[in-house]
Amino acid sequence: MSKNFETKAVRIQTERTQFSEHSTPLYLTSSFVFDDAEDMRASFAEEKARNLYSRFSNPNTTEFVDKIVAMEDAEAGYAFATGMSAVFSTFAALLNAGDHIVSSRSVFGSTHSLFTKYLPKWNIETSYFKVNEIDKVEALIQPNTKILYAESPTNPAVDVLDLEALSDIAKKHNLLFVVDNCFATPYLQNPIKFGADLVIHSATKLIDGQGRVLGGVTVGKAELIREIYLFSRNTGPAMSPFNAWVLSKSLETLAVRADRHCENALKVAQFLEDHDKVNFVKYPFLPSHPQYEVAKKQMRLGGNIVAFEIKGGIEAGRKFLNAIKLCSLSANLGDSRTIVTHPASTTHSKLSESDRLEVGITDGLVRCSIGLEYVEDVINDLNQALES
Ligand SMILES: *Cc1c(COP(=O)(O)O)cnc(C)c1O
């Protein structure tokens, strides 16, 4: 197989059936049949690599996983029903009661709930570092720390974390370095290249790219994936074959879609940076981004998420959302349709101002997931909403 991303995305494919189909069929089957008792025994004893039951594997999920494994230069992987089931199962499979996690403070909301509400049920605690305080990470490590966890770029403030620096800390202290690479996709950033042991994606976002199906995947070192696989085949968070079929098809166009998403996002970021109703813009590939050099080192392009702060705080943010005409107000991201959110008055309105500021959500912060519309139409919509 070619080492080039686009070719892998299009050409990695399950074996053809006797019908010589060109594109992969959908294998809607919950189980697979055996020739005889010996075949069944040997299959369950894992003396043969084959499909047994779709909670374990299925040709469609295998094709999807094989592509992500190749794109991330990983050894193995497992596909999940959602990004959150990938995050949860990865932790649940690898941690024991009493273990400890060190994580960036800025993580996806449900991952944060997992750390604060659910993992403590098994006596697993998490210590947090701020995105601009990587120098304080080592001080948080305890004898029972097992995982160093990070997302980059972060949601919703679009901060960038130096993956190589974090991986050096993890190696020095014998920790597993786990990266949620959702915002970057396997096309824009490959954390394994910078030392990550495991990479998690919510496939719901740019991998699907059209806001239609949910999915998740974890890839990385084979011995770790083996633990995650055994946990998952017993506990049942598997991706459905239908979603795997959709998502594998989506991967064929990821590179061309992501190129356009990023080109549009950079144009929107540049437009916003010059706007007099805007205090600041955060976009990894704008030279004004505080971690611009790190972003340039570890990302191919800047991604499709642009954050900016509107002048006038919460009320100005609410007014801005209400004035939007073309773009969507929605909780998703990575869709072909541009989505705008104002976390302080919507998704994060229940948090206190100081809790919001901890994760970079100022009162006027707006997050835009830039889509695939004609970019001037998106800019005109944002402009009229800022001016109204
Ligand atoms: C959306 C998202 C998730 C969760 O994915 P789901 O598919 O919605 O379960 C996890 N991490 C990040 C960074 C996300 O954006």
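The model is a predicted one. The side chain of Lys277 meets that of Glu387 in a salt bridge, with 3.3 Å from N to O. Lys277 is placed in the loop between helix H11 (254-273) and strand S8 (278-282), while Glu387 belongs to helix H15 (residues 375-387), so this pair ties together parts that are 110 residues apart in sequence. Glu387 is likewise partly exposed, its relative accessible area being 45%.

A second bridge joins Glu164 and Lys297, whose closest N and O atoms are 3.0 Å apart. Because Glu164 lies in helix H7 (residues 163-172) and Lys297 in helix H12 (residues 292-298), the pair ties together parts that are 133 residues apart in sequence. Glu164 is partly exposed, with a relative accessible area of 36%, and Lys297 also counts as partly exposed, at 39% relative accessibility.

## Other salt bridges

Searching the whole structure gives 18 salt bridges. One of them is formed by Asp39 and Lys48, with 2.5 Å between the closest N and O atoms. The two partners fall into separate accessibility classes: Asp39 is buried, with a relative accessible area of 7%, whereas Lys48 counts as partly exposed at 38% relative accessibility. The value for Asp39 is classed as buried because the limit for that class is under 20% relative accessible area.

Salt bridges also link Glu38, Arg41 and Glu47 into a network.

## Ligand surroundings

The residues that surround the ligand are Thr82, Gly83, Met84, Phe108, Glu151, Asp180, Cys182, Phe183, Ser202, Thr204, Lys205 and Gly215.

A polar backbone atom of Gly83 is 2.8 Å from an oxygen atom of the ligand. At Asp180, an N or O atom in the side chain is 2.6 Å from a nitrogen atom of the ligand. Thr204 places a polar side-chain atom 2.6 Å from an oxygen atom of the ligand. The ligand taken alone exposes 380 Å², and the protein buries 92% of that area.

Thr90 is part of helix H4, which covers residues 83-94. With a relative accessible area of 1%, Thr90 is buried. A polar atom of the Thr90 side chain lies 2.6 Å from the backbone oxygen of Ala86.

When residues up to four places away in sequence are not counted, Thr90 touches Leu198, Ile200, Thr218 and Ile228.

## A nonpolar surface patch

Which residues form a nonpolar patch on the surface? Leu26, Leu28 and Phe242 do so, and together they have about 280 Å² of accessible area. Leu26 is found in the loop between helix H1 (5-11) and helix H2 (37-44). Its relative accessibility of 31% puts Leu26 in the partly exposed class.

Definitions and conventions. Residues numbered from 1 in each chain as written. Predicted model: local features only at pLDDT ≥ 70, side-chain atom pairs only at ≥ 80, totals over all residues. Heavy atoms only, no water. Patch = residues over 30% accessible without salt bridge, like charges linked within 9 Å, V, L, I, M, F, W, Y side chains within 5 Å. Areas by Shrake-Rupley, 256 points an atom, 1.4 Å probe, with all protein chains shown as cover. Salt bridge = Lys/Arg side-chain N within 4 Å of Asp/Glu carboxyl O. Helix = DSSP H or I, 4+ residues; strand = E, 2+ residues; numbered from the N terminus. Buried < 20%, exposed > 50% of the residue type's maximum accessible area, 1.4 Å probe, protein only. Polar contact = N/O pair within 3.5 Å; in protein donor to acceptor, adjacent residues only side chain to side chain. Contact = heavy atoms within 4.5 Å. Near = heavy atom within 4 Å.
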